[in-house]
Amino acid sequence: MRDKLFIDGKWEKPRRGGTLDVIDPATEEVIHRAPAATYDDIDRAVKAARIAFDSGPWPKLTGTERAVYLRAIAEKIEERRHALARLEVTDNGKPLPEALWDIDDAAGCFRYYAGLAEELDANPEETIAVGDNRFTARAIREPLGIVGAITPWNYPLLMVSWKVAPALAAGCTIVLKPSELTPLTALELGAIAEEIELPPGVLNIITGTGQDAGQPLTEHPLVDKLAFTGSVPTGRKVMMAGAQDIKNISLELGGKSPFVVFADSDIDRAVEWIMFGIFWNQGQVCSATSRVLVEEPIYEAVVKRLCEEVAKIKIGNGLDDGTLLGPIVSKGQYDKILTAIDRARQDGATIAAGGGRPAGFNSGYFIEPTVLTDMSEDSYVWREEIFGPVVCVKPFADEADAVRMANDSRFGLAAAVMSADKARCERVARALRAGIVWVNCSQPTFTEAPWGGYKQSGIGRELGRWGLSNYLETKQITSFDADEPWGWYIKA
Ligand code: NAD
């Protein structure tokens with residue numbers, strides 16, 4: 001495990017020598033002391049990225065040349081697949097099979113953007129038809145500049161790859177600040193950058209707290225773009241900090257996503273997708289479908305079946321065989337979830353399953369998978385993101401009622417609808433105010449498809465070609481090609 005920051009292609013101790021305790025949430029043991037960066041370190045990293053962008057080779061390489069580096073990163077991630085997945089489990093708590101998915105997806109993300117980097121060469125410019133044939137107008141795309149990338153702890157390396165891969169593909173240089181709770185795999189990416197001889201300063205990796213490392217990055221005048229994933233309150237601060245210099249900003253924020261289940265659905269299938277939608281990654285998923293709306297005729301049956309299945313979920317250390325639900329990432333997040341469950345209880349909700357710490361666990365931040373019913377539509381637990389294994393289930397009367405309840409939220413990241421009636425699924429999918437809508441499933445995510453939220457769930461889209469556009473500027477080049485005066489005062 002690494003104890004230095006990766007700045008300008010070299011490993012450096014933080015100037016003030018601070019460290020961050022990295023805790024295994026399954027055991028509560030300190031497993032590492034990661035470097036804690038402060039303003040001086042951020043400043044060095046940003047200046048290195050600035051020089052690498054303004055006078056280094058990276059933005060001037062062709063997309064095809066950059067693609068070689070991206071594919072090399074993908075290969076190195078694959079070579080270390082098991083080691084990286086185990087780091088992710090001890091850092092974040094998630095079950096090993098889920099960590100392996102994340103690592104494979106991270107490698108896949110670098111490969112995908114290698115392909116898009118090559119496509120930039122294939123389509124270097126677009127000629128625009130303008131209303132005067134004496135002119136030729138073209139649009140070209142150029143790398144946006146220095147990116148300050150700030151990522152959360154729920155999918156540590158995967159969230160990093162969603163930003164670093166397209167930014168590198170576009171020709172940007174980067175200062176990355178991963179979450180202080182899960183810094184381990186991001187630092188390994190520094191080692192990979194070193195091994196593949198990525199030019200110095202192109203990717204700088206700074207671990208530290210939001211206040212001491214994140215905030216100075218968002219305020220640094222030499223940073224051109226802020227790419228942030230995290231909570232709404234922090235997103236608001238990032239946006240305000242970026243406003244000072246009118247930085248380009250993209251935000252991937254929280255959610256309280258609805259899952260609408262109509263009465264013609266197969267109950268067993270519905271229950272499996274409901275469970276996956278809220279309990280994978282311990283419910284610490286921005287797009288988790290944490291509000292389940294079930295049509296009245298099958299409401300009781302779905303709740304009963306759900307509670308039966310929830311009781312079978314194997315809780316344990318993510319490294320143990322068969323674990324489906326690991327610990328919550330940190331003590332702070334664990335306390336926050338238990339407080340939200342208590343508040344739901346006090347507000348009159350019924351705890352239909354779970355609701356506390358599982359029996360037999362003496363250490364680790366474990367919380368039972370929890371099913372809540374009978375909460376009101378204006379209750380905290382129905383409206384606010386809990387970011388844990390807690391699902392709220394409510395009945396609805398008809399399609400119009402379901403759409404109204406689903407859309408009644410300040411968030412709009414994701415939503416899901418389940419019905420045997422395809423036309424109804426299509427109608428509801430279009431009526432839902434969310435950036436991602438799953439039909440007859442919940443959560444599968446593809447690197448090729450756009451990802452991001454409506455309303456307070458964010459600004460912009462990651463993944464797919466939308467993700468690459470985040471890191472490109474568009475320039476118009478217009479030339480006057482006619483051999484004649486313009487005619488403002490010289491007459492032809
Ligand atoms: P968070 O907002 O607490 O922290 C996110 C990152 O911001 C961390 O790296 C943190 O150190 C940094 N940070 C904190 N204060 C800062 C400041 N003042 N200036 C700059 N950076 C600062 O979020 P979290 O708890 O790490 O992650 C959970 C949240 O992320 C949830 O709300 C979840 O929904 C959201 N999320 C969204 C997506 C998405 O794609 N929309 C994906 C994953 C997580």
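How many bridges join strand β7 (residues 146–150) to β10? Four, and the two strands run parallel. Before going on: this is a predicted model, where local features need pLDDT of at least 70, side-chain atom pairs count only at pLDDT 80 or more, and totals for chains, interfaces and linings use all residues. Residues are numbered from 1 along each chain as its sequence is written, and side-chain values use heavy atoms, with hydrogens and water left out.

Strands here are DSSP runs of E with at least two residues, helices are runs of H or I with at least four, and both are numbered from the N terminus. Two strands pair if DSSP finds at least two bridges between them.

Five of the five residues of β10 (residues 225–229) are buried, so the strand is largely enclosed by the rest of the structure. In a regular strand, side chains alternate between the two faces of the sheet. In β10, K225, A227 and T229 are buried on one side, and L226 and F228 are buried on the other.

Stepping back, the chain has 15 helices and 22 strands. Buried residues make up 56% of its 492 residues. Its C-alpha atoms fill a box of roughly 80 × 55 × 40 Å along the principal axes.

Conventions:
Buried means under 20% relative accessible area, exposed over 50%, partly exposed in between (1.4 Å probe, protein chains only).
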